[in-house]
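Subject: Structure for you to look at, with notes

Dear colleague,

Here is the structure I promised to pass on, followed by my notes on what turned up in it.

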Amino acid sequence: MTSAMQLSGMLAATDPPGTAETALFWVLAPVTVVAACGLLFARKAVHAALSMALVMIGLGVAYLVHDAPFLGAVQVFVYTGAVMMLFLFVVMLIGVSAADSLVETIKGQRLVAVVLGLGLVLLLTGAISQATLDETVGLVAVNEDPGNVTMIAFRIFDDYVWAFELTGALLITAALGAMVLTHRERLTPRTTQRQLAADRIAEGAVKAPLPAPGVFARHNAVDTPALLPDGTPSEASVNRVLRARGQVRSAEETAAPTAVIQSEFAEPLGDGTEEGGSR
Amino acid sequence: MTMLAENPVADFSDDTIWVVLGKALFIFVFLVVGTILMIWAERRVVARMQSRPGPNRFGPFGLLQPLADGVKLILKEDITPRAVDRVVFVVAPIISGTAAFLAFSVIPFGPEARIPFTDIRTPLQLTDLPIALLFILAAAAVGVYGIVLGGWSSGSTYPLLGGLRSSAQVISYEIAMALALVSVFLYSGSMSTSAIVDAQASGGTAQLFGMTLDLPSWHAITLLPSFVIYCIAMVGETNRAPFDLPEAEGELVGGYHTEYSSTKFLLFFLAEYVNMFTVSAIATTLFLGGWRAPFPLSLWDGANHGWWPMLWFVLKVAIFMFCFIWLRGTLPRLRYDQFMALGWKWLIPAALGWTLVVAGLRATQQFESVSTQKVLIGVAAVIAALLVVVLFIDWLVSPEERRQPRQAAEPQAVDPFAGGYPVPPMPGQRLARTSGPVLVAQQVPAAGQDTTDEEQDSQPGEEARRG
Amino acid sequence: MRPEYWLYLSAVLFAIGATTVLVRRNAIIVFMGIELMLNAANLSLVTFSRIHGDIDGQVIALFVMLVAAAEVVVGLAIIVSIFRTRRSASVDDANLLKY
């Protein structure tokens, strides 16, 4: 008795199906159905993609119950990990906040679509309820002896090897197609990092961090402009929001008491310093 | 044709629900304590590498520092910015944190052992599946959602860029990682962790030129290219330096978790470290023989029984964790395009080619009953022939100058004061004069003529060449 | 519990996917609806595989996944290139071939 079988056994995959599977079904089914409804009702594409990912994980767990551990893992790995991630990537690429428009372009289309959907549910459930199914055989024995992955490999590389080859060709074609579709011919030569750096400097704007407020000033509060080494207040050191509100203290105002203080210390300080400080 | 057993070898049939819960609790505690120790070790080791003491105030050797930091982090204010998408903003760190712990449920810490003070014998592993490695990859794939959604839901530029970078990064590196794992699956005949560890018990023997050789058993040796590719990919997968582009501080402030604070940030932080433990544990299990004792220790019979293997396992994981710290202390961050080029142009083709080689070797061994010796000789011959052909083609197509070393170009003389203020010479230039602010219009002497002594001092090669 | 409950779940999911394709205007969400329909079909394949004790159902489900992956790659590339030229991901705006 291997652990996988034990796991499936814990989920009661064997025949007769146990209560554990029933419990799991009644957890999984509402979760997947509600998440799938997210596709219908989510305004943002990201929310739809998220609920879709939840459906995928739910189905992956369902496959584990159905004696298909390989398929369950591949489902989560391929669908959640690659496909839905690709969806998310595209959603973020083409407008993150683009909420779907709620304008009905064809009159009454939504009503008709919902009626059709409900009709489809009725039709399918009716068909399933009318069908006579054989007694459940289960795949426990197959999973035990050659193993689930081995058995699938036998089938793929034996009975379905031609289909498998075709799928490989299809995947390569799809990859090529995606590259061709999203390819853009480069019209101008690629700008190198050196060129970019040269352009940045050539722009002439200040590239270093802006001076901090209050440097060399009487105050170091954010509303006090920094004084440059020559004593002039630096416009760039105060947030432009403060300047727009008119909350910037003038440099003269804060420098005025400085002159008094400096006159008291006139002896040790040289002329140049005093001049620079009081301006 | 020999068929390798696909299903796990560990036997969990005696586990009661209490044993399972106990194991789960142990894994949780192991990872959280490990994370705390790892944060401490990282700060201390990086500090040593940078010649500073590191945290040493709180507890012996500063051991309690990460605990204090963690408590401080939890007690901080939990800020939710106004622009965020509230539900996703809360869910993202939870996804990240939960998925990080999932993978450890299939990692074997050791063989079957008796739980102390009871008669229960159980494998030191929470569970195992025939598709355990796929399960780990799936858990990692779900974990990425935390990062991407955290970046998106923050409603801010830098986190979004960090999230996008991360999704592209993980998708790219997961391919190389999975391809590196394929050759291990081929050689172990299973995707279950316990079976893979079992397959590395003994490498068997080979007859090579009349001698009987014990083949190495660890996949790190027999499948060295896979191991190298996995090690590179695992650093990319965990967003650690030098591949920490999703949270590059210098470019993106904090990356995807810029807007997060308090407990939510803690979850992201925890997930990053637990992911490091996970990839290290996978590398140990798949390539370094898992819990099996390394060579000199393995001569002692008891080394692979009871609780000892857990020690070897933890030590091997610790070595990988040290390498993570070492990398961070040593290497600068890659630029994003360099990183993607490494993944797509080097790792994935290399992994594909190697997988092809391994599959071919495996098929000849399994289906054609050719001895290992013949296969190895054949492979060596093919590689040698390819090497000769490649070298010949390289010699044929190489330009003239590569066959005859090019002579150094004559340095061009420039006037450093021509623009009004002095500039240093560019490579391949030499200074016509070295002092004097007065602009002189007449000179820029032609190369090789009337140079002064100072210039010849700066160009020793030129003197030698002329003489 | 008999496995046909999973078939009912599959039917409901398929119908939700089909309705999504009919109702939604965003090309990406429409595309997700198609994926949901494929997944619902996969669920019934796997369920039938278990009922009949034949692993072929799982193999076919695997093929469906592969084909779906190829389809997603091309489909998303088309959506992206339409978005580049028309600045919109709505299926209403890609109407040039209508006339």
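This is a predicted model: local features need pLDDT of at least 70, side-chain atom pairs count only at pLDDT 80 or more; totals for chains, interfaces and linings use all residues.

Leu37(B) sits in helix α1 of chain B, and it belongs to a nonpolar surface patch of about 910 Å², whose other members include Phe28(B), Val33(B), Phe61(B) and Leu67(B). Helix α1, which spans residues 17–49 of chain B, is the element that gives the most to this patch, with five residues.

Among the contacts in chain B with a separation of 6 or more, 72% are accounted for by residues 24 or more positions apart. Its accessible surface comes to about 24,100 Å², and 68% of that belongs to carbon and sulfur atoms.

Chain A is built from twelve helices and has zero strands. Of its 279 residues, 35% count as buried, and residues 24 or more positions apart account for 44% of the chain A contacts with a separation of 6 or more. Chain A exposes about 16,200 Å², with carbon and sulfur atoms supplying 66% of that area.

The size of an interface is often given as the accessible area lost when the parts come together. For chain A and chain C the buried area is about 7,100 Å², and carbon and sulfur atoms give 75% of it. Three residues, His66(A), Phe87(A) and Ile94(A), supply 9% of the area that chain A buries against chain C, which is more than any other three residues supply. The contact takes in 82 residues of chain A and 69 residues of chain C.

Which polar features cross the interface of chain A and chain C? The rule finds three salt bridges there, together with 16 residue pairs in polar contact, both residues of each pair being at pLDDT 80 or more. One salt bridge to look at joins the side chains of Glu21(A) and Arg50(C), with an N to O distance of 2.9 Å. On the side of chain A that touches chain C, the elements giving two or more residues include α2 (19–41), α3 (45–65) and α8 (161–182) of chain A.

Between chain A and chain B, the buried area is about 3,000 Å², and carbon and sulfur atoms give 75% of that area. Here the contact takes 36 residues from chain A and 33 residues from chain B. The rule finds one salt bridge across the interface of chain A and chain B, and the side chains of Asp85(B) and Lys44(A) meet in a salt bridge at 3.5 Å, N to O. Three residue pairs are in polar contact across the interface of chain A and chain B, again with both residues at pLDDT 80 or more. The elements that give two or more residues to the side of chain A that touches chain B include α1 (3–10) and α6 (140–144) of chain A, while α4(A) gives the most to that side, with 13 residues.

With best wishes

Definitions and conventions. Residues are numbered from 1 along each chain as its sequence is written. Chains are lettered from A and ligands numbered from 1 in the order in which they are written. Side-chain values use heavy atoms; hydrogens and water are left out. Patches are made of residues with over 30% relative accessible area and no salt bridge: like charges are joined within 9 Å, nonpolar side chains (Val, Leu, Ile, Met, Phe, Trp, Tyr) within 5 Å. Accessible areas come from the Shrake-Rupley method with a 1.4 Å probe; for residues, only the protein chains shown count as cover. A salt bridge is a side-chain nitrogen of Lys or Arg within 4 Å of a carboxyl oxygen of Asp or Glu. Helices (H or I, at least four residues) and strands (E, at least two) are DSSP runs, numbered from the N terminus. Contact means heavy atoms within 4.5 Å. Buried area is the accessible area (1.4 Å probe) that two parts lose on being put together, summed over both. A polar contact is a pair of N or O atoms within 3.5 Å; within protein, one must be able to donate a hydrogen and the other to accept it, and residues adjacent in sequence count only if both atoms are side-chain atoms. Buried means under 20% relative accessible area, exposed over 50%, partly exposed in between (1.4 Å probe, protein chains only).
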